[in-house]
Amino acid sequence: MLVLHYTGMQDAPSAIDWLANPESKVSAHYVVTEDGQIIRMVDEADRAWHAGRAHWRGITDVNSASIGIEIVNPGHEFGYRPFPEEQMSALIPLVADIVDRHGIPRANVVGHSDVAPARKQDPGELFDWQRLARVRLALPIPQGRLIDPYWSDGAFLLALERFGYDIGDGRAATTAFQRRWRPGTIDGQIDGECRALLFSLLLDRDAGRYR
């Protein structure tokens, strides 16, 4: 899988220094700066310590099964802001190259908050997932006429687990789902729109549209 992060630090030099410092016990394969520079930090063949305690589709050692890209952004703690055009224009070819070489399906191009919903918010609601989806590098947000399956909250969480999320903290998992699939409203509450979005995503998966 490919996991996208934001650095969550005040500037690029601080983030790069921290990721390169063995004492931090944190690393990533790539860093993409706001002006579009791509810095290779760890060889793709080697394990990078970017995901921490994480889970996706039954995989609990995400670091062993993933490539991590850190996207320079101050994050929610230091003044979260949109990702600039130069940065996105550099990121997309990098993602395309990685997923092509490793055969990573779109459903496994995820955010840090997807694989660690109780701990992480990145890359956050301002990240342009739809731009990646338009070039088939990530799953698109379902559009059009959506159908509410009227699941109970428990059934919604089981469906969320089936999709890939860790539901150990149900509210955190719901919040992470909203951050990725309904970024306009992030309140941790299960509602009809959340149910309909997840139902559509599962229908598309079962129909083989995730390739």
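Against which helices do the buried residues of α8 pack? The buried residues of α8 pack against α6 (153-163) and α7 (170-181). This report describes that helix, then the chain as a whole, and then some backbone features.

## Basis of the model

The model is predicted: local features need pLDDT of at least 70, side-chain atom pairs count only at pLDDT 80 or more, and totals for chains, interfaces and linings use all residues. Residues are numbered from 1 along each chain as its sequence is written, and side-chain values use heavy atoms, with hydrogens and water left out.

## Helix α8

Helix α8 covers residues 192-206, which is 15 residues. At 1.5 Å a residue it should span 21 Å, and its end C-alpha atoms are 21 Å apart, so the two agree. The expected span is 1.5 Å times one less than the number of residues.

Buried residues in α8 are Cys194, Arg195, Ala196, Leu197, Leu198, Ser200, Leu201 and Leu202. Buried means under 20% relative accessible area, exposed means over 50%, and partly exposed lies in between (1.4 Å probe, protein chains only).

At the start of the helix, a side-chain oxygen of Asp191 comes to within 3.2 Å of the backbone nitrogen of Glu193. A polar contact is a pair of N or O atoms within 3.5 Å; within protein, one must be able to donate a hydrogen and the other to accept it, and residues adjacent in sequence count only if both atoms are side-chain atoms. After α8 comes Gly208, with a positive phi near 80°.

## The chain as a whole

The chain has eight helices and five strands. Helices (H or I, at least four residues) and strands (E, at least two) are DSSP runs, numbered from the N terminus. From the N terminus on, the order of elements is β-α-β-β-β-α-α-β-α-α-α-α-α. The radius of gyration is 17 Å, close to the 17 Å that the globule rule gives for 211 residues, so the chain is as compact as a globular protein of that length. That radius is taken over C-alpha atoms, and the rule is 2.2 Å times the number of residues to the power 0.38.

The C-alpha atoms fill a box of roughly 50 × 30 × 30 Å along the principal axes. Of the 211 residues, 51% are buried. Among contacts (heavy atoms within 4.5 Å) with a separation of 6 or more, 63% are between residues 24 or more positions apart.

## Asp122 and Pro123

Asp122 lies in the loop between α4 (112-115) and α5 (129-134), and Pro123 is also in the loop between α4 and α5. A cis peptide bond joins Asp122 and Pro123, with omega about 0°. Most peptide bonds are trans.

Asp122 has a relative accessible area of 4% and is therefore buried. Leaving aside neighbours within four places in sequence, Asp122 is in contact with Leu4, His5, Tyr6, Gly111, His112 and Ser113.

Most residues other than glycine have a negative phi. Lys25, not a glycine, has a positive phi of about 55°. Lys25 is in the loop between α1 (12-20) and β2 (30-32), and at 68% relative accessibility it counts as exposed.

Arg57 also has a positive phi, of about 50°, although it is not a glycine. Arg57 sits in the loop between β3 (38-40) and β4 (67-71). With a relative accessible area of 30%, Arg57 is partly exposed.
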